[in-house]
Amino acid sequence: MGAVSTQIRRILRELGVEPEVVRRVGIICFEGETNIAIFTKGGRITLMVWDDRVELFFADNGPGIEDLELVRRPGYSTAPDWARELGFGAGMGIPNMEKNADTFVLRSRPGKGTAIRATVWRKGNERQGSSAGPGA
Amino acid sequence: MKLREVAEVTQAEVLTGRELLEREVDKGCGADLLSDVLSVVEENFLLVTGMVTLQAVRVAEVMNAAAVLIVRGKRPLEPVIAYAEEAGIPLLATQKGMFETCGLLYSRGLRPTRFRRVSEYAG
Amino acid sequence: MNAREVARVLGLEPLAFPHPEAEVGGGFCSDLLSRAMAEASPGDAWITYQRHLNVVAVAKLKELSLVILARGPEPEPEVAARAEEEGVNLLRSDDGMFELAGRLYALLAGDPETHPAERG
């Protein structure tokens, strides 16, 4: 856990992305990566770097999120014991991703999987809110 | 305070980052639950933890922490130390427990980090 | 120094406080229950982020004087209820582990009768 995040940070720094953006993207990635590691058999993380923004996409075919409202509540966690023993899964994952992103979209279907898109603006820092709901 | 002083106060061994001991830290965060560290607001803080995993170093890296101080006499495996060295994150290790370590550093002036307030996540 | 005094000085919010007179002999920090089971001593104050039912069970088993839930969301109401039933002092704080440990350590060190226990 964290391997992708640290790699992404290096890529972003090499591309000359602003340190504040690098930090936020790194945190979002760490949380998303940890969730995939804890709850699924694997997923895909895609990084896209534009002049005005950085975007992270997380996609998995894991169990999906049963209660979309609960998962956005700080402290709520369904993490198994092995994850807690490693120091993770104390909740705060999704809320922390939302907090660090300017735009945050989450789609999930129990039994099918979860997809997340997080955007961090490089200029202007416009907040466009976030949404979570059942999706395709 | 400088990392050098942190090491002295806690009688910590420097596992890597000997050349970075002049680095200054003014805040500390104590946690075994690494997921909480991900909501620390500041950068450049000292992460005090009993976790000796690669993830602990990665969390420090992602949060732009200044250094990691491992407590309870635990020792990370060589690959973890090597990773920290490569990432430029000093690793210190003390025999003292978390409670005493935090106590000593706090009394020497290291202040606690702030966390993103729980209520800010609503929306 | 008793739990009531510690709670007062550290500004802790009581969730269950059946034994405020309990003597606090030392301090201990851990989020890993297995470590708390192995190392905590009777009379210790335990500082942790974990806030589920097992925390109460461990505190009772190890005869801890006080459980301090460090910064974090409200625990489920059943945790406080269980603590009350089991006679476990359960308090919470908005401060993080580092600060709580720092201040409790100083508090215990300042008390001439007590030596801060090295734990956790």
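Reader: Why are strand β3 (residues 46–49) of chain B and β4(B) called paired?

Author: Two strands pair if DSSP finds at least two bridges between them; β3(B) and β4(B) have 4 bridges, in the parallel sense, so they count as paired. B:Thr49 stands opposite B:Ile70 in β4(B). This is a predicted model, in which local features need pLDDT of at least 70, side-chain atom pairs count only at pLDDT 80 or more, and totals for chains, interfaces and linings use all residues. Residues are numbered from 1 along each chain as its sequence is written, and chains are lettered from A and ligands numbered from 1 in the order in which they are written.

Reader: What makes β4(B) and strand β5 (residues 91–93) of chain B a pair?

Author: They share 3 bridges in the parallel sense, and the criterion asks for at least two. B:Leu69 stands opposite B:Leu92 in β5(B).

Reader: Why is the crossover from β4(B) to β5(B) called right-handed?

Author: The chain passes through helix α4 (residues 78–87) of chain B on the way. A crossover is right-handed if, with the strands pointing away from the viewer, the path from the first strand over the helix to the second runs clockwise. β3(B), helix α3 (residues 54–62) of chain B and β4(B) also make a right-handed β-α-β unit.

Notes
Helix = DSSP H or I, 4+ residues; strand = E, 2+ residues; numbered from the N terminus.
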